[in-house]
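Student: I'm new to this one. Please walk me through it, and tell me what each term rests on.

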Amino acid sequence: MASRNGYAKVERYRGPEALTESDQRFRDLALAALEKEQVERGKLARLLHDEVAPILSCAGLQLDILRMDLEERVSGVSSRTAEIQDLLERVVRHIRDVSYDLNPDVVKRTGLQPALNLLVSRFQRVFPGRLRLAYDDSIRIPVEAEVALDRVANEAVANAVRHAHCTQIDLLVKSTGEGAKLQVRDNGIGFDYAGEQNFPHGLGLLMMDFCARKSGLRLSIDSNLAGGTVVIAILMDRNSPGT
Ligand SMILES: Nc1ncnc2c1ncn2[C@@H]1O[C@H](COP(=O)(O)OP(=O)(O)OP(=O)(O)O)[C@@H](O)[C@H]1O
Ligand SMILES: [Mg+2]
C-alpha cells in the first residue's frame, strides 16, 4: 500500500459499522469520560486563573500599603515586603502557567495561534529535540474548528513526544486550496495506524478522530515505520471541489 512518497497511506477509520456493539459502546463511554475530564480541567483552570491568582495579587498590593505605613517606623520593612511581593508574583505566574496548561479551551480566549505557541513552549520544556511552529497568520478559522484543531495538535504532539523517539516535530498551519490545514509531522519510528484502529492501546487517536468528525475536519494519519508520522486535519472549504 506504499504511495509514491514512500508513506503507507493508511485507511481512514472504518466507522462504527466495523465494530461490535459493545466495542462501540465502550469507545463512546471512554470518549464521554474524556470530555468530562476536559470540562473539569476547564473549571479548575478558571478557578485558579480567575479567583486564586487575583487574591494573591491583591495580597501583594496590600503589602505595598503596609510598607508605606511602616517604612518610617520599622527599619528593613521595605526590603522584607519586596521579598514577599517577589515570592507572591512568582506564585501568581506559576498559577497562571498551570491554569493555561490545564485549560483545554484556552484557544477560545486567545485564538489558535497563541494557543499553539503555548503548546510549543509547554512541550519544549520536556522534548529535547527541535519543535517548531509555522503559522500563516492571515488565515481565519471559526472558533469551533480552532478548538478541534488545537486538540488534534495537542494530541499529535503529545504522541510524537511520548512514542515517536523523534528528533524533530514540525507544526504547520496554512491555507490550502481545500481549506485551512493543520499538519503535525515527526521524524520518528512510526506505527501501524490501521492496527491501532482495530485494537486501540489508548484514547488519543480516538479522541482526535472524534473531535475532527464533530467539527467537520477531514483527518488523515500517514505513518511509516521508517519515516515518521504525519497527522493532517483540514477544515474543508465549502467552495472547494469534493466537499
Ligand atoms: N507519532 C507517533 N509515533 C509513534 N507511535 C505513535 C505515534 N502516535 C501514536 N503512536 C502509537 O499509537 C498508540 C496509540 O496512541 P493514542 O494516542 O491513541 O494512545 P496513547 O498515547 O498510548 O495513550 P493516551 O493518548 O490515551 O494517553 C501509542 O501507544 C503509540 O504506540
Ligand atoms: Mg496519545
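This is a predicted model: local features need pLDDT of at least 70, side-chain atom pairs count only at pLDDT 80 or more; totals for chains, interfaces and linings use all residues.

Tutor: Let's begin with S4 and S5, which form a hairpin with three residues between them. Residues are numbered from 1 along each chain as its sequence is written, while chains are lettered from A and ligands numbered from 1 in the order in which they are written.

Student: How do you know that S4 and S5 are joined, and which way do they run?

Tutor: Eight bridges join them, and they run antiparallel. Two strands pair if DSSP finds at least two bridges between them, so eight bridges make S4 and S5 a pair. Ile221 stands opposite Val231 in S5, and Asn224 has Gly228 of S5 as its bridge partner.

Student: What else pairs with S5?

Tutor: S3 does, in the antiparallel sense and also over eight bridges. Here Lys181 stands opposite Ile234 of S5.

Student: What pattern does the whole chain follow?

Tutor: Along the sequence, the protein chain reads α-α-α-α-β-α-β-β-α-α-β-β. That comes to seven helices and five strands.

Student: Why is the chain called more spread out than a compact globule?

Tutor: Its radius of gyration is 23 Å, well over the 18 Å that the globule rule gives for 243 residues, so the chain counts as more spread out. The radius is taken over C-alpha atoms, and the rule is 2.2 Å times the number of residues to the power 0.38. The C-alpha atoms fill a box of roughly 80 × 40 × 35 Å along the principal axes.

Student: How far apart are Leu19 and Asp86?

Tutor: They are 67 residues apart along the chain, and their C-alpha atoms are separated by 57 Å. Leu19 lies in the segment before H1.

Student: What makes Leu19 buried, exposed or something in between?

Tutor: A residue is buried if 20 or more other C-beta atoms, placed from the backbone, lie within 10 Å of its own, exposed if 12 or fewer, and partly exposed in between. Leu19 has 15, so it is partly exposed. Ala82, in helix H2 (residues 77–102), has 13 and is therefore partly exposed. His165 is also partly exposed, because its count is 14.

Student: How much of the chain is buried?

Tutor: Buried residues make up 26% of the 243. In H7, they are Gly204, Leu205, Met208, Asp209, Phe210, Cys211 and Ala212. Their cover includes helix H1 (21–70), H5, helix H6 (193–198), S4 and S5.

Student: What is in the largest nonpolar core?

Tutor: This core has 39 residues, of which Leu149, Val152, Ala153, Val184 and Leu217 touch the most other members. H5 gives the most, with nine residues. The term means a set of buried Ala, Val, Leu, Ile, Met, Phe, Trp, Tyr and Cys residues joined through C-beta atoms within 7 Å.

Student: What does Leu217 touch?

Tutor: Not counting residues up to four places away in sequence, Leu217 touches Ala145, Ala148, Leu149, Ala212, Ala233, Ile234 and Leu235. Contact means that the two C-beta atoms, placed from the backbone, lie within 7 Å. Among contacts in the chain between residues at least 6 apart in sequence, 71% join residues at least 24 apart.

Student: Which residues come nearest to ligand 1?

Tutor: Of the 18 around it, Asn159, Ala164, Phe191, Gly202 and Gly204 do. A residue belongs there if its C-beta atom, placed from the backbone, lies within 6 Å of the molecule. Helix H5 (143–163) and helix H7 (204–214) each give two or more residues to this shell, and the largest share, four residues, comes from H5.

Student: How does that shell divide by residue type?

Tutor: Into seven nonpolar, eight polar and three charged. Ala, Val, Leu, Ile, Met, Phe, Trp, Tyr, Cys and Pro count as nonpolar, Asp, Glu, Lys and Arg as charged, and the others, Gly among them, as polar.
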